[in-house]
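Me: Please take a close look at one part of this structure: the packing of a pair of helices and the aromatic rings linked to it. How do the parts meet there?

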Amino acid sequence: MRRILLWSVLWAGAAMAAPVDDAKRAEAAGDAAAAVDAWRRAVEAAPEDAAGYEGLGRVLLRAGRNDEAVETFRQLCAKVPGYARGPYRLAFALRKDGRYDEAAAAYRAYIERAPDDPDGRFGLAETLRQLGDRDGALAEYREYVRLESRPSEAKWVQRAREAIGELEASAAAAVPPPERPLEPAPVPAPASTPAAAPTDDPEARFAARDYAGARRGYEALLLRSPESATLAYQAGVAAALSGDAAAAERHAGRAALLDPGNPAAADLARLAHAQRRPSMMPPPTPADAEAALADGRLRTAERLAAAALAAGPETATRARLERTRGRALLALGRGVDALGALKTAAGLGAADPALWNDLAAAAALSGDAAAQRYFEGLKP
């Protein structure tokens, strides 16, 4: 009986090895569709092994197929219930899909399993902030800062501290409404007088140049429609015009993620980030972005490179940053954006065989067969 069990384990491992190797080769080549197919085969070959679900979910998230990633990690939790990281993966995918109520529940399930892991605390804090739970978010950000001790996560600790400062400031600025009106109700205007714009209409507030009020209105609408790139961008613009660079960066960044083809949102996020960075703090360096890319922190690498570019570096440094940003975007499955960044890097003098390979992969991912053939022809 033991011999049969041993052979079963060995057979399952061998059956999974081939598709895993295929998946890794496809990822290295930037072929997201082939990587997804190979990881699905790995899951089918070994449905009780968490590695297949992890690989499949990771590729789906990079490709922006968040809903499919959610279902993949739901299967992970159901099929491999002993895998402690399962609820965390599910929570992260739900948050990326804008399903914040479900994400909060999944993060809390993970925290029950791993109360001392700071990752769950940070994810829950970000989720609660999106849900408008200021006190809950503050508590989780503080707990994250208390628990996090890894040197590699210093930038995330800084981000959490910035969020704590912003939330504390907003709490101090909040004034409770009076229990009863302090003045008599206004007399209705005559029929010939145009009616005042509704105070809960962000468009009317924006037109009246009440940008802070417009931002609050857009944020209220976002709570009901968190997947609206348009509302996120409008909230970002209103926040920028009201002088709140942190909120402008957050909303514009969200709009850019929801609508990768919107360069205005990405530009606004970069400008807001540069504006809110304290003058005594230097901008990120190319080495910072490259280290994040090497660690697999792809979104962090892209953001660091973008923030460094916003500081207006010299040509050689800009070429290096565009290249790092392009590689991160390529790994995230954003072929069109990656192609633009890598072309800019080539135009600034960062051309070499490895860059032609990246450009060919980005062209293939974005569906530009002619560009793919051109860049492949430049390889030595």
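Reply: **A helix pair and its aromatic rings**

The axes of helix α7 (residues 118–130) and helix α8 (residues 134–147) approach to within 8 Å and cross at roughly 155° (axes are fitted to C-alpha atoms over the stretch in contact, with angles from 0 to 180 degrees between N-to-C directions; helices are DSSP runs of H or I, at least four residues, numbered from the N terminus). α7 is therefore roughly antiparallel to α8 (over 145 degrees). The model is predicted, with local features needing pLDDT of at least 70 and side-chain atom pairs pLDDT 80 or more, while totals for chains, interfaces and linings use all residues. Residues are numbered from 1 along each chain as its sequence is written, and side-chain values use heavy atoms, leaving out hydrogens and water.

In the contact (heavy atoms within 4.5 Å), α7 contributes residues including Phe 122, Leu 124 and Arg 129, and α8 residues including Glu 140, Tyr 141 and Tyr 144. The residues of this contact comprise nine nonpolar, one polar and five charged.

Seven aromatic pairs are counted (ring centres within 6.5 Å). Phe 122 and Tyr 141 pair edge-to-face, at 6.1 Å centre to centre with 75° between the planes (edge-to-face is over 60 degrees). This pair joins helix α7 to helix α8 across 19 residues. Phe 122 is buried at 10% relative accessible area (buried is under 20%, with a 1.4 Å probe and protein chains only), and Tyr 141 is buried at 0%. Ring pairs also link Phe 122 and Tyr 141 with Tyr 144 and Trp 156 in a cluster.

Terms used
Helices (H or I, at least four residues) and strands (E, at least two) are DSSP runs, numbered from the N terminus. Angles under 35 degrees count as roughly parallel, over 145 as roughly antiparallel, 65 to 115 as roughly perpendicular and the rest as oblique. Ala, Val, Leu, Ile, Met, Phe, Trp, Tyr, Cys and Pro count as nonpolar, Asp, Glu, Lys and Arg as charged, and the others, Gly among them, as polar. Rings of Phe, Tyr and Trp (its six-membered ring) pair if their centres lie within 6.5 Å; planes under 30 degrees apart count as stacked, over 60 as edge-to-face and the rest as tilted. Buried means under 20% relative accessible area, exposed over 50%, partly exposed in between (1.4 Å probe, protein chains only).
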